[in-house]
Amino acid sequence: MSGKPKLYYFNGRGKMESIRWLLAAAGVEFEEEFLETREQYEKLLQGGSLLFQQVPMVEIDGMRMVQTRAILSYIAAKYNLYGKDLKERALIDMYVGGTDDLMGFIMMFPFLSAEDKEKQRAFIVQKATSRYFPAYEKILKDHGQDFLVGNSFSWADVHLLEAILMVEEKKSDVLSGFPQLQAFKARISSIPTIKKFLEPGSQRKPVPDDKYVETVRRVLRMYYDVKAN
């Protein structure tokens, strides 16, 4: 294994995108191997690299890690983005869990039919503006600091910014009623490592297109239709 973390996934967002975000936020350079054929995937399976026969998989510090949450937790702890004590870690886990739920509504969006996409778009915006964004708006207001937990940049901040930008892709003015989140977005986006990741040419992936969907379906043999929430 090389010195840099190596990420095994498709050339698109999916579950790997939050891992890319967190590594980039920590200022860590990483390599990627994109799965484009069923044969590549089966080679990983046969080699025993995929413990539960799933990707994402990340090679880091001599380990082949699977399970997205485990990978993210390890990266957050390794690069001091996981709070200063057990209480802060619990808050980070809780806040990340919320943004994870919101992202889950968006994750399968590219795989929906055109009709279901319109239904899901409305569902995503409704959930974001009635359940998740009000919660983070209140957290930031009550906490009175620049960051969600303590007074230092953490995994929770990275994850929330990622989620905000994902929802804004569905409705550009979705933050219009959330001044705390507007200010938070501006602050976190200006952090040098985040700013670099948001610039053109970074390893951040674009909105999934038809090519990405077709590749995932082919490699994973997804022959069923995904349904909207």
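Biologist: Where does aspartate 61 lie, and how do you know that?

Modeller: Aspartate 61 is in the loop between strand 3 and strand 4 (63-66). Elements come from DSSP runs, counted from the N terminus: helices are H or I with at least four residues, strands are E with at least two. The model is predicted, with local features needing pLDDT of at least 70 and side-chain atom pairs counting only at pLDDT 80 or more, while totals for chains, interfaces and linings use all residues. Residues are numbered from 1 along each chain as its sequence is written, and side-chain values use heavy atoms, with hydrogens and water left out.

Biologist: What makes aspartate 61 partly exposed?

Modeller: Its relative accessibility is 44%. Buried means under 20% relative accessible area, exposed means over 50%, and partly exposed is in between (1.4 Å probe, protein chains only). The 44% of aspartate 61 falls in the middle class, so partly exposed is the label.

Biologist: Which peptide bond is cis?

Modeller: The one joining valine 55 and proline 56, with omega about 15°. Proline 56 is in the loop between helix 2 (38-46) and strand 3 (57-60).

Biologist: What touches threonine 68, and is that residue buried or exposed?

Modeller: Threonine 68 lies in helix 3. At 16% relative accessibility, it is buried. Lys15, Ile19 and Pro56 touch it, not counting residues up to four places away in sequence. Contact means heavy atoms within 4.5 Å.

Biologist: What lies at the start of helix 4?

Modeller: A side-chain oxygen of aspartate 85 comes within 3.2 Å of the backbone nitrogen of lysine 87.

Biologist: Which elements do the buried residues of helix 4 pack against?

Modeller: Helix 1 (17-25), helix 3 (68-78), helix 5 and helix 6 (155-168). The buried residues include Ile92, Tyr95, Val96, Leu102 and Phe105.

Biologist: What makes aspartate 93 and arginine 69 a salt bridge?

Modeller: A salt bridge is a side-chain nitrogen of Lys or Arg within 4 Å of a carboxyl oxygen of Asp or Glu. Here N and O are 3.6 Å apart, so the pair qualifies. The pair links distant parts of the chain: aspartate 93 is in helix 4, arginine 69 in helix 3, 24 residues apart. Aspartate 93 is partly exposed at 27%. Arginine 69 is partly exposed at 33%.

Biologist: How many salt bridges are there?

Modeller: The structure holds 22. In one of them, the closest N and O atoms of glutamate 32 and lysine 205 are 2.9 Å apart. Glutamate 32 is in strand 2 (residues 31-34) and lysine 205 is in the loop between helix 8 (192-198) and helix 9 (210-220), so the pair ties together parts 173 residues apart in sequence. Lysine 205 is buried, with a relative accessible area of 8%.

Biologist: Why is glutamate 168 called buried?

Modeller: Because its relative accessibility is 16%. Glutamate 168 meets lysine 185 in a salt bridge of 2.8 Å, N to O. Glutamate 168 is in helix 6 and lysine 185 in helix 7 (residues 179-189), so parts 17 residues apart in sequence are tied together. Lysine 185 is partly exposed at 25%. Elsewhere, salt bridges that share partners join Glu17, Arg20, Glu32 and Lys205 into one network.

Biologist: What makes valine 125 buried, and what does it contact?

Modeller: Its relative accessibility is 13%, so it counts as buried. Valine 125 is in helix 5 (residues 114-143). Leaving aside neighbours within four places in sequence, it contacts Lys170, Lys171 and Val174.

Methods:
Polar contact = N/O pair within 3.5 Å; in protein donor to acceptor, adjacent residues only side chain to side chain.
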